[in-house]
Amino acid sequence: MKVLVIGAGNMGLIYAQAMSKSKLLNKRNLMILDNSPEKLQSLKKISQFDVYDRLEDCVPLADLIFFAVKPYHSEDLFQKIKPLAKQGQIAISIMAGVTIATLQEGLGLQKVVRAMPNLPAQVGKGVTSYTASDAVSRIELLTIENLLDTTGKSLKVSSEKYIDASTGISGSGPAYVFYFMQSMMEAALKMGFSANDSKLLVSHTFEGAVELFNQSDLSPNKWMEKVASKGGTTRAALDSMEDNNVKELIKEAAYAAFNRAIELGKEK
Ligand SMILES: NC(=O)C1=CN([C@@H]2O[C@H](COP(=O)(O)OP(=O)(O)OC[C@H]3O[C@@H](n4cnc5c(N)ncnc54)[C@H](O)[C@@H]3O)[C@@H](O)[C@H]2O)C=CC1
Ligand SMILES: O=C(O)[C@@H]1CCC=N1
């Protein structure tokens, strides 16, 4: 299987590098294309894949075309690719909001996979939800799942609604975690810790809490109870969060991302 990644930004490059290291593909089978001269310059220094700047040189060679450009660049890109694409090729898109129907119509291809990864893919700890059009066979889907798994875990979902929903949870989610971390680091600095010490205290607190959660069957609520002593410091913090409706605000934020994903699909 020959794979072409279009868009060598954050996500495209992460996927290209992860796939190139996996046993599923070798160097000759991985192509990458970008339209930014600076990006091409830096890509040529990486020897893991073949770099292209012209669609006509690489699109016809690909079995699987992986789309990793911003959603607002997709329409123009699809127009250029449509005359070069061949039935049987599989398009896989990680673009937020861009629907399977839009991909099929824009590219003139029936075999389409929509996926939603997240940035921890960069360290092999990503989670990618995906779903496919009926034309993609089970065996093709298995290969695609193996490719997605090179960046972490994958989750097959039953419909596109869950791709938009997972955009609001896991796709955008790392930014919510960073928001929380930033807030705690700012509080630590205000309490008088150095930047380095603030970072150490906060990053280990997150890492340790996630590790505890992952190694047990307990819910986050149960873990909160274990930290909070009656009348103690944690209770004071949790009460302050409850009084300020923080949980509802976080849910609202996740829904804002979910709804924005749906809107992006309509904007095209
Ligand atoms: N950054 C993230 O955490 C996540 C991003 N996504 C999705 O991944 C996609 C890419 O996002 P990022 O990697 O963050 O963006 P980015 O801006 O870092 O990368 C996009 C790349 O596409 C290139 N590009 C633009 N138009 C092109 C064209 N016509 N032909 C070839 N290359 C072109 C740009 O030069 C750039 O290198 C987006 O659609 C986004 O919705 C999905 C999940 C997480
Ligand atoms: O913010 C965005 O639109 C993309 C999709 C999920 C994460 N980044």
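**Reading a binding site and the strands beside it**

Me: Which residues does the UniProt annotation "binding site" cover?

Reply: In the unreviewed UniProt entry, "binding site" covers Ile6, Gly7, Ala8, Gly9, Asn10, Met11, Ala68, Val69, Lys70 and Pro71. They span 66 residues in sequence, yet no two of their C-alpha atoms are more than 14.2 Å apart, so they gather at one spot. UniProt positions follow the numbering used here, feature names are shortened, and annotations may be inferred rather than shown by experiment. Do keep in mind that this is a predicted model: local features need pLDDT of at least 70, side-chain atom pairs count only at pLDDT 80 or more, and totals for chains, interfaces and linings use all residues. Residues are numbered from 1 along each chain as its sequence is written, while chains are lettered from A and ligands numbered from 1 in the order in which they are written.

Me: Is Met11 buried or exposed?

Reply: The general idea is to count other C-beta atoms, placed from the backbone, within 10 Å of the residue's own: 20 or more is buried, 12 or fewer exposed, and in between partly exposed. Met11 counts as buried because it has 22 C-beta neighbours inside 10 Å. Met11 belongs to helix H1 (residues 10-21); helices (H or I, at least four residues) and strands (E, at least two) are DSSP runs, numbered from the N terminus.

Me: And how does Pro71 count?

Reply: Pro71 has 18 C-beta neighbours inside 10 Å, so it counts as partly exposed. Pro71 is in the loop between strand E4 (64-67) and helix H4 (74-81).

Me: Which residues does Met11 contact?

Reply: Contact means that two C-beta atoms, placed from the backbone, lie within 7 Å. Leaving aside neighbours within four places in sequence, Met11 is in contact with Ala68, Ile94 and Pro117.

Me: What surrounds ligand 1?

Reply: A residue is near a molecule if its C-beta atom, placed from the backbone, lies within 6 Å of it. Here 26 residues surround ligand 1, the closest being Gly7, Gly9, Asn10, Met95 and Ala96. H1 gives the most to this shell, with 3 residues.

Me: How does strand E2 pair?

Reply: Two strands pair if DSSP finds at least two bridges between them. Strand E1 (residues 3-6) and E2 pair in the parallel sense over 4 bridges, with Leu33 in E2 as the bridge partner of Ile6. E2 also pairs in the parallel sense with strand E3 (residues 50-52), over 3 bridges. Both faces of E2 (residues 30-33) are covered: Leu30 and Ile32 on one side and Met31 and Leu33 on the other are all buried.
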